[in-house]
Amino acid sequence: KVKPGSVDDWRALGAAYFNLNQWRPAVENYERATSLDASQASDWIHLGNAYFALRQREAARNAYTRAEAIERDHPALLNALARLHGDAGNFELALKYSDRGTPLRPADALLWNAKGYSLVQLGRFKEAVNALDTAANLQPGAPAVWINLGQAHFRLRAFDAASRALQQAV
């Protein structure tokens, strides 16, 4: 049973709903958690991610702004902002966020993948291959990384490498 004044309970319930892809209940519970304790950047990031999953970009941006005011260089925040701006087509800004995040968390495959994806979209394919190779080495079971790596190789006309990367995605 959830204790009405327990931020930990609301946070845990938000995480449970998020992990079940139940975005609206996740938002409701993270909203409750942040109303009880607005000092945790991670709560605002999770709330923003739930809003992002609902395609409510402005609400996601507002939650990320709250997180940024608390912990500007939180790696999960930098990845979320890279995704948000990449999704909006602003790949230069997305790249700036992933570039800030990779030195802070060099073993984070999500940040390397976000960086590589932005580089592909910007036409910087050799740099993209380097970033995506790093992501693939860190998280070899992530299909999105292999798809992005295949796309980068394809754009470089390295068709055999593109084929090998795409085969890893399935």
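Colleague: Is Gly48 buried or exposed?

Modeller: This is a predicted model, and in it Gly48 is found in helix H3, which covers residues 41-53. The cut-off for a buried residue is under 20% relative accessible area. With a relative accessibility of 0%, Gly48 therefore counts as buried.

Colleague: Which residues is Gly48 in contact with, leaving aside its neighbours within four places in sequence?

Modeller: Gly48 and Ala60 are 12 residues apart in sequence, yet their C-alpha atoms are 4.0 Å apart in space. Once the neighbours within four places in sequence are left aside, the residues in contact with Gly48 are Ala60, Ala63 and Tyr64.

Colleague: How are H4 and H5 oriented to each other, roughly parallel or roughly antiparallel?

Modeller: The axes of helix H4 (residues 57-70) and helix H5 (residues 75-87) come within 11 Å and cross at roughly 150°. Angles over 145 degrees count as roughly antiparallel, and the crossing of H4 and H5 is left-handed. On that angle, H4 is therefore placed relative to H5 as roughly antiparallel.

Colleague: How do the residues of the contact of H4 with H5 divide into nonpolar, polar and charged?

Modeller: On the H4 side the contact includes Ala60 and Tyr64, together with Arg57, Arg61, Ala67 and Glu68, and these meet a set in H5 that includes Leu77, Leu81, Arg83 and Asp87. By class, the residues of the contact of H4 with H5 are 7 nonpolar, 1 polar and 5 charged.

Colleague: What is the division by class in the contact of H1 with H2?

Modeller: Helix H1 (residues 7-19) and helix H2 (residues 23-36) have axes that come within 8 Å and cross at roughly 160°, so H1 and H2 are roughly antiparallel to each other. Their crossing is left-handed. Among the residues that meet are Trp10, Leu13 and Phe18 in H1, and Trp23, Tyr30 and Leu36 in H2. The contact of H1 with H2 has, by class, 2 charged, 2 polar and 12 nonpolar residues.

Colleague: Is the pair of Phe91 and Tyr117 stacked or edge-to-face?

Modeller: A search of the whole structure finds 3 aromatic pairs. In the pair of Phe91 and Tyr117 the ring centres are 5.9 Å apart and the planes stand at 65°, so the pair is edge-to-face.

Definitions and conventions
Residues numbered from 1 in each chain as written. Predicted model: local features only at pLDDT ≥ 70, side-chain atom pairs only at ≥ 80, totals over all residues. Heavy atoms only, no water. Axes fitted to C-alpha atoms, helices over the stretch in contact; angles between N-to-C directions. Helix = DSSP H or I, 4+ residues; strand = E, 2+ residues; numbered from the N terminus. Parallel < 35°, antiparallel > 145°, perpendicular 65-115°, else oblique. Left-handed = near helix turned anticlockwise from the far one by under 90°. Contact = heavy atoms within 4.5 Å. Nonpolar A, V, L, I, M, F, W, Y, C, P; charged D, E, K, R; others polar. Phe/Tyr/Trp six-rings, centres within 6.5 Å; stacked < 30°, edge-to-face > 60°. Buried < 20%, exposed > 50% of the residue type's maximum accessible area, 1.4 Å probe, protein only.
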